[in-house]
Each structure stands twice: as C-alpha cells, then as structure tokens.
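My entries follow in the order in which I took them.

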Amino acid sequence: MGNTIVKAQIEDVRYFLAKSIAEFEEFLNENTLSNLLEKKPGNQEYYKLLLANIRKLLVYCDECLDSCKVILHTDAFPKAAAEKTLYRIYHQCIEEFFSPKNDAWFEDSRSAYTGKNSIKLRQEAPENITKLLAGLEGEFQRVREELQYYETDYRTKMIQSN
C-alpha cells in the first residue's frame, strides 16, 4: 500500500482511538464496582472482570494512540512502522474488544444477519455497561474491516522473512 493510504489510515485510527478512549474514561470515571452493584445487584466477581476488561481496552487504546501520534509527527513517514502499528491496533484493541481473553463477553457472529449488536455479555450486568459496548461496537467494527488487511499482510511478510 502507498504511503498516503497508510498515513490516512493512521490518521483515521488516531481519531477513532481518541474517541474510544474518551468514552472508556468517561465510563470508568463515573462507575465503580459498588456503584455497579447498586444499579444492578449481581455477581461481584463478574462485574470486576467487566471493569478489568474495560480498563485493559483503555490502556491498549491509549498506548496505540501514542504510537499513532509518534508516527504522524515523524518527518519522513515511516511506512513499515505504521503498518506494524496498524497490525498491533488490530490485535490489541479491535480483537480484544470483540473477544476478550478472559471471556467476559463474546461476539455473536449470527447477529450480523439480524442487524443487532454482536457483543453478548456472559452474565447479567448493569445497563450502562451494555450501552457502553453497544455504543462503541459500530466504530470498532468499521475499523476492524479497515485493518483486516494488515492481519494477513503482516503475517505473510513475517512468514516470508523466515
């Protein structure tokens, strides 16, 4: 891919990450474990898991946003570094959003046919968590589709270099 396309993708992803970070931060600043339990009594350990996943996503998005900023402020655009960053964003942010490692929620692939949100919580949870994930899902899906190319391209390059 040409430098201008990769640079445009880095700029788009930078905006997406900044917006996502703002939403994660707002949620985390307004909600605590005890606050969630007051809103909807439920499994405290599961609520801890949900909050931990949201914090992890916030950290991943923040780290990747910093990488995007560094790349965009470099005099000569580092295409290889930008592609590697987009690959990392795909895995750390996008894939973690749709399928967190600790399975606090999962992606229902059948929902694409129904027009409903694909993120399904494993257990009952307060509505504000559901709203947060549903509100972010569309943009995460859009960026996922944009960055899927780097998933296969980067792996192909790694295999060929061995």
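**Terms and ground rules.** I call a residue buried under 20% relative accessible area, exposed over 50% and partly exposed in between, with a 1.4 Å probe and protein chains only. The model is predicted, so I kept local features to pLDDT of at least 70 and side-chain atom pairs to pLDDT 80 or more, while totals for chains, interfaces and linings use all residues. Residues are numbered from 1 along each chain as its sequence is written, and side-chain values use heavy atoms, with hydrogens and water left out.

**Asp 103.** By the cut-offs above, Asp 103 is partly exposed because its relative accessibility is 41%. I found Asp 103 in the loop that links helix H4 (79–98) to strand S1 (105–107). Helices here are DSSP runs of H or I with at least four residues, strands are runs of E with at least two, and both are numbered from the N terminus. I noted a positive phi for Asp 103, near 60°, in a residue that is not glycine. Most residues other than glycine have a negative phi.

**Overall.** I counted six helices and two strands in the protein. Along the sequence the pattern reads α-α-α-α-β-α-β-α. Of the 162 residues, 41% are buried. I then took contacts, meaning heavy atoms within 4.5 Å. Among contacts between residues at least 6 apart in sequence, 73% join residues at least 24 apart.

**H1 and H3.** How far apart are the axes of H1 and H3? I read 9 Å, with helix H1 (residues 3–30) and helix H3 (residues 44–72) packed at an angle of about 145°. Axes are lines fitted to C-alpha atoms, for helices over the stretch in contact, and angles run from 0 to 180 degrees between N-to-C directions. The crossing of H1 past H3 is left-handed, a term that applies if the near helix is turned anticlockwise from the far one by less than a right angle. I sorted the residues of this contact by class and got 18 nonpolar, seven charged and no polar. Nonpolar covers Ala, Val, Leu, Ile, Met, Phe, Trp, Tyr, Cys and Pro; charged covers Asp, Glu, Lys and Arg; the others, Gly among them, are polar.

Buried residues of H1 include Val 6, Phe 16, Ser 20 and Leu 28.

**Cysteines.** I found zero disulfides, a disulfide being a pair of cysteine sulfur atoms within 2.5 Å. The sulfur of Cys 64 has its closest cysteine sulfur in Cys 93, 3.8 Å away, which is too far for a bond. Cys 64 is buried at a relative accessible area of 0%, and Cys 93 is buried at 0% relative accessibility.

**H2.** Leu 37 lies in helix H2 (residues 33–39) and is partly exposed at 23% relative accessibility. Beyond its neighbours within four places in sequence, Leu 37 contacts Gly 42, Gln 44 and Tyr 47. I put the C-alpha atoms of Leu 37 and Tyr 47 at 8.0 Å, ten residues apart along the chain.

Is Glu 38 buried or exposed? Glu 38, also placed in H2, is exposed at 65% relative accessibility. I found 9.2 Å from C-alpha to C-alpha between Glu 38 and Pro 126, which are 88 residues apart in sequence.
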